[in-house]
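This report describes selected features of a protein model. The sequence and the structure are shown first.

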Amino acid sequence: MLEPEGGLLRGTLDVLILKALSWGPRHGYAVAEWVRTATDDHLLVEEGPLYTALHRLERKGWLTSEWGYSENNRKARYYQLSRAGRQQLRTEMTSWQRYVDAVTRALSMPAPARG
Amino acid sequence: MRRAVGNLGERNIPRHVDEELAFHIEMRTQHLIARGMSPDAARAEALRQFGDLTAVRQACIANDEERVRATRRAGAMDELKQNLVYAARTLRRNAGFATGVVLTLAVGIGANVAIFTLVHAVLLRPLPVANPEALVAIGNPSWVNSVSHSTNVRTETFNWEHYKTLRERLPGFSGVLASGRADGIELRADASAAEPDRPRTRFVSGNYFQVLGVPAARGRAFTAGDDEGIGASPVAVISHALWQRRFNADPGVVGRDVVINSSRFTIVGVMPEQFRGEIVGQNTDLWLPLTMQPVIHPRRPWLTEREAYWLLLLGRRGPGVSFEQAKSQVETAVRQIVTDAWTEGSPPPPNEIDVLVSDGARGFSAVRGASGTALTTLLVGVGVLLLIICANVANLLLARAVARGREMSLRLAIGAGRGRLVRQLLSESMLLALAGAVIGLVLARWGSRLLLVLHADGARAVTLDTGLVLPVVGFTAGLAVLTVVTFGLIPAWRTSRVDLATALRAGARGTTGSGSAAAGVRNALGRSLIAAQVALSLVLLIGAALLVRSLQSVHNQDMGLDRDHLIIADVDATTRGYAGERLAVMMKELADRLHRIGGVTAVTYSENGIFSGTESATTFQVPGFIAKADEDTLAAYDRIGPGYVTAIGGRLLRGREITQDDLDRRVRVALVNQTMARFYFGDTDPIGRAIQLDDSVSVQIVGVIDDVKDHELKGEVGRRFYVPIVGNADNDPSALSFEVRTAGDPAPIVEKVRQTIIEFDAQLPIERVSTLSQLMRQSVREDRLLARLASGFGLLALLLAAIGLYGVMTYAVSRRTGEIGLRLALGAQRTSVIRMVLGDSLRIVLIGILIGVPLALGASRLLRNQLYGISATNPSAFAVALGVLVVSAIAAALVPAWRASRVEPLLALRQD
């Protein structure tokens with residue numbers, strides 16, 4: 001099993017971050033807030049690992065970053081999806097959906113026929 | 001508004017991460033304060049919600065650093081690719097120049113790699129067996145083909161009895177093999193074969209292949225069982241090469257019967273292709289069990305003769321046994337053997353028993369000693385040559401640098417850093433060096449093989465593996481890198497150092513104007529490079545001159561016999577079946593027949609010829625002489641026919657010759673040479689004194705002969721005595737040579753000698769018929785080759801330096817055209833112009849000489865061991881080399897000087 005990261009499986013955090021940035025550049029805090037709201041505060045236990053994930057994704061080339069100024073004029077680091085990142089998001093969403101469907105179907109199976 | 005980050009320096013990464021994380025904590029804190037928490041509580045809660053700040057910070061920094069590194073790597077790769085592509089394009093545009101440089105580099109690198117291949121094969125390469133570092137050589141590893149007869153225990157080679165004893169008494173070894181000389185082997189694949197094969201053969205113990213760790217490729221190798229009874233294992237193992245050559249790679253060769261020297265043997269195995277025996281420089285094609293030696297050579301059964309010391313031993317250290325432990329075990333065991341062998345009445349054994357125990361990873365080799373030093377000397381010489389070539393190439397690149405000023409300044413102007421330019425230029429040098437190295441590698445394969453052929457000079461070639469091995473390729477790669485650094489760096493640096501404004505303004509003309517500072521520096525650099533080339537060429541020339549002088553002194557020395565009028569004919573009488581009385585009669589008759597050939601003035605015969613093949617030595621006692629060391633009782637000897645001394649043109653100093661009468665009556669007499677006479681008898685007359693040979697036979701000295709150089713041109717003549725070839729021992733001579741003296745040039749008589757022998761007995765195997773001068777030349781063929789190669793290198797180096805000098809002078813003159821024109825216009829003589837240019841060039845040469853002579857004095861010390869009869873500072877050699885250098889320099893500078901004097905003053909003045 002993949003190592004948990006901040007309470008979530010590692011891969012899950014990655015795809016959430018990619019999704020969070022799919023509407024445009026955000027800084028790390030905004031991504032954290034979005035994950036909270038989107039998962040109804042259910043999943044993200046710690047916020048630190050989010051930053052580890054952001055830097056990791058940038059190293060992999062799925063994100064690029066820039067320094068900018070936030071709404072309240074503080075210096076912040078903004079992330080955005082690269083073209084490869086966008087591609088990765090599509091891929092991850094497809095396989096996630098497949099995974100979820102498969103497990104759901106298995107879990108809702110009736111008792112096997114005897115014989 | 002967002003600001004681009006730009007180049008993320010590695011030092012900024014931690015700061016950026018801190019800022020980013022601080023922003024988050026701050027935002028979270030503000031958020032919590034807005035919910036009603038106190039600022040302190042909010043901050044604490046924000047930190048709690050964040051998690052392990054330190055760990056996250058570390059992870060983020062690590063990720064960022066890796067990202068930056070990866071980007072940099074990719075950037076460097078891109079730049080390198082760009083550089084190489086651009087370099088290739090530039091070189092293609094100047095294809096002529098590039099080809100010239102690549103070829104010169106190829107020659108230089110190729111020569112180095114060729115010599116290194118040989119150095120590696122002779123000196124460095126371990127045997128192609130399992131774990132060769134565990135092998136230990138016992139005995140003198142260069143005595144591969146020797147047999148000594150002695151009643152004292154000898155330790156350079158061993159007899160069979162002592163080998164078997166040692167094998168039992170060395171527990172630190174997992175196995176000890178024995179290997180001995182096998183000559184005169186004739187192999188007939190089938191009875192009908194017309195011409196027998198004469199493969200290089202070794203007699204080996206049953207555990208030979210097992211100790212070495214080489215399994216047979218086909219069939220089986222020898223086993224301990226093949227060591228059992230004498231003559232009980234008529235089996236043979238052949239090499240891959242022999243299998244291919246003689247048996248046409250017949251897959252059914254295992255089990256085939258062959259005839260070896262009239263005995264039937266069965267081939268039981270074929271060795272893998274890369275195994276050619278344990279002797280470097282002497283590949284073995286056929287292995288026979290030791291126990292078969294008396295069957296092959298019934299007349300000299302060394303195996304069972306107690307006094308025959310002919311085996312070399314190679315042991316494999318057991319696991320956990322160090323070399324030191326193994327060595328002391330061997331020494332103890334040998335000491336025990338010597339003590340056990342001592343019999344009552346003999347002189348007590350010496351306290352120090354010297355047995356040579358050395359590293360056996362590289363096997364035995366007869367050529368390693370002498371050739372080793374010669375090869376390393378050559379390597380140094382050829383290395384110097386490569387340096388000169390690099391200097392030449394550097395000069396060429398510098399010359400082009402001037403023409404590329406515009407290109408460089410353009411690139412600088414649009415923003416390339418100087419470092420980028422240097423890297424670009426180095427890429428060009430790298431491509432040149434790479435191409436040169438690849439071609440050089442190919443040339444080297446031919447070169448090393450050619451060297452071996454030249455070295456053989458008609459005699460049997462030394463067999464070495466000159467294939468492509470990792471060390472050789474590695475050496476080539478290393479050389480390529482070194483050459484790039486040597487010839488590429490300075491021109492690259494120079495070329496990139498361009499004064500923007502001047503370069504662009506000068507336009508297409510380049511910067512040949514005399515006012516250009518860059519050109520001035522270029523000139524100075526060029527001149528220093530030439531001076532360096534001159535210095536190095538001088539080193540090579542002096543080395544060559546010393547070697548040539550040494551060779552001359554070797555040739556011109558007095559050998560103690562008539563070297564220009566002798567023919568030596570070696571025959572194998574024992575194989576043919578001559579023995580005892582029949583042999584005595586045959587020797588006399590054949591000598592008579594040879595004497596009757598037109599042009600022959602004298603004929604004699606002996607066991608060991610002159611400058612051919614065998615030598616004999618023995619220990620003896622001289623009554624009245626106290627030996628201080630074991631060696632003092634040892635001397636070389638020969639068994640000779642009648643009138644030997646006069647026949648070979650030797651000088652009889654005292655007493656009389658050995659006559660036919662002595663032979664007929666089996667008188668026990670002897671001649672001694674001057675060295676021996678002085679050693680044992682000092683100034684007293686040795687005539688009439690007796691020598692006690694070991695088998696209690698006493699011979700009386702009847703004459704003293706002046707020292708003769710009979711086997712080696714270099715080296716001192718040792719003690720030697722001569723006894724009649726007949727009636728002096730129980731066994732027949734193991735070899736036979738005829739010495740034929742001619743009135744005039746012996747060369748045309750050689751064939752007649754051969755014919756006469758064939759007419760006398762067509763079945764008598766003739767090993768060799770040759771003039772003594774030919775044999776002598778062959779004995780120093782290595783020195784001759786070395787001298788020739790050194791001269792070749794020296795002259796090549798001189799040629800390169802001369803070309804360089806010519807180039808630099810031409811350039812210097814072109815820069816001073818205006819000045820020269822002015823001088824001529826003001827009335828200077830044309831000869832003064834010539835003098836000026838010559839003077840200028842001689843200044844460069846002088847600096848080169850001033851550097852070169854001390855260098856040569858130091859380098860010539862390397863040659864000390866190669867030189868004979870002259871010192872490493874022989875003045876005439878230095879003088880000759882200097883003379884050749886100066887003359888060549890003047891010749892090279894003469895053309896530009898003359899052209900300078902032909903300058904038309906008006907044209908020159910207008911041009912500037």
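A polar contact is a pair of N or O atoms within 3.5 Å; within protein, one atom must be able to donate a hydrogen and the other to accept it. The model discussed here is predicted. In it, a polar contact of 2.5 Å links the side chain of B:Glu278 to that of B:Tyr208.

B:Glu278 belongs to the loop between β10 (263–270) and β11 (286–289) of chain B. Because buried means under 20% relative accessible area, B:Glu278, at 0%, counts as buried. Leaving aside neighbours within four places in sequence, the residues in contact with B:Glu278 include B:Leu127, B:Ser179, B:Arg202, B:Tyr208 and B:Phe364. B:Val129 is 149 residues away from B:Glu278 in sequence, yet their C-alpha atoms are 9.4 Å apart in space.

In soluble globular proteins, nonpolar side chains tend to be buried together. The largest nonpolar core has 102 residues, of which B:Ile115, B:Leu464, B:Phe487, B:Leu805 and B:Ile820 touch the most other members. Helix α10 (residues 368–403) of chain B gives the most to this core, with 16 residues. Apart from it lies another core, of 53 residues, including B:Ala591, B:Ile648, B:Leu764 and B:Met776.

Of the 36 residues of α10(B), 26 are buried, and the helix is thus mostly covered. At 1.5 Å a residue, α10(B) should span 52 Å, and its end C-alpha atoms are 51 Å apart, which agrees. Beyond its neighbours within four places in sequence, B:Phe487 is in contact with B:Cys390, B:Val393, B:Ala394 and B:Leu397, among them, as well as with B:Ser429.

**Cysteines**

Over all chains, the structure holds zero disulfides.

| Residue | Relative accessible area |
|---|---|
| B:Cys60 | 0% (buried) |
| B:Cys390 | 2% (buried) |

**Strand β5 of chain A**

Five of the seven residues of strand β5 (residues 75–81) of chain A are buried, so the strand is largely enclosed by the rest of the structure. Strand β4 (residues 63–69) of chain A runs antiparallel to β5(A) and is joined to it by seven bridges; here A:Ser65 stands opposite A:Tyr79. The hairpin of β4(A) and β5(A) has five residues between the strands, and A:Asn73 takes a positive phi near 60 degrees. Strand β3 (residues 26–27) of chain A is also antiparallel to β5(A), with two bridges between them. In this pairing, A:His27 stands opposite A:Tyr78.

Notes
Residues numbered from 1 in each chain as written. Chains lettered and ligands numbered in written order. Predicted model: local features only at pLDDT ≥ 70, side-chain atom pairs only at ≥ 80, totals over all residues. Heavy atoms only, no water. Buried < 20%, exposed > 50% of the residue type's maximum accessible area, 1.4 Å probe, protein only. Helix = DSSP H or I, 4+ residues; strand = E, 2+ residues; numbered from the N terminus. Pairing = 2+ DSSP bridges. Disulfide = S-S within 2.5 Å. Core = buried A, V, L, I, M, F, W, Y, C linked by side-chain atoms within 4.5 Å. Contact = heavy atoms within 4.5 Å. Expected span 1.5 Å × (residues − 1).
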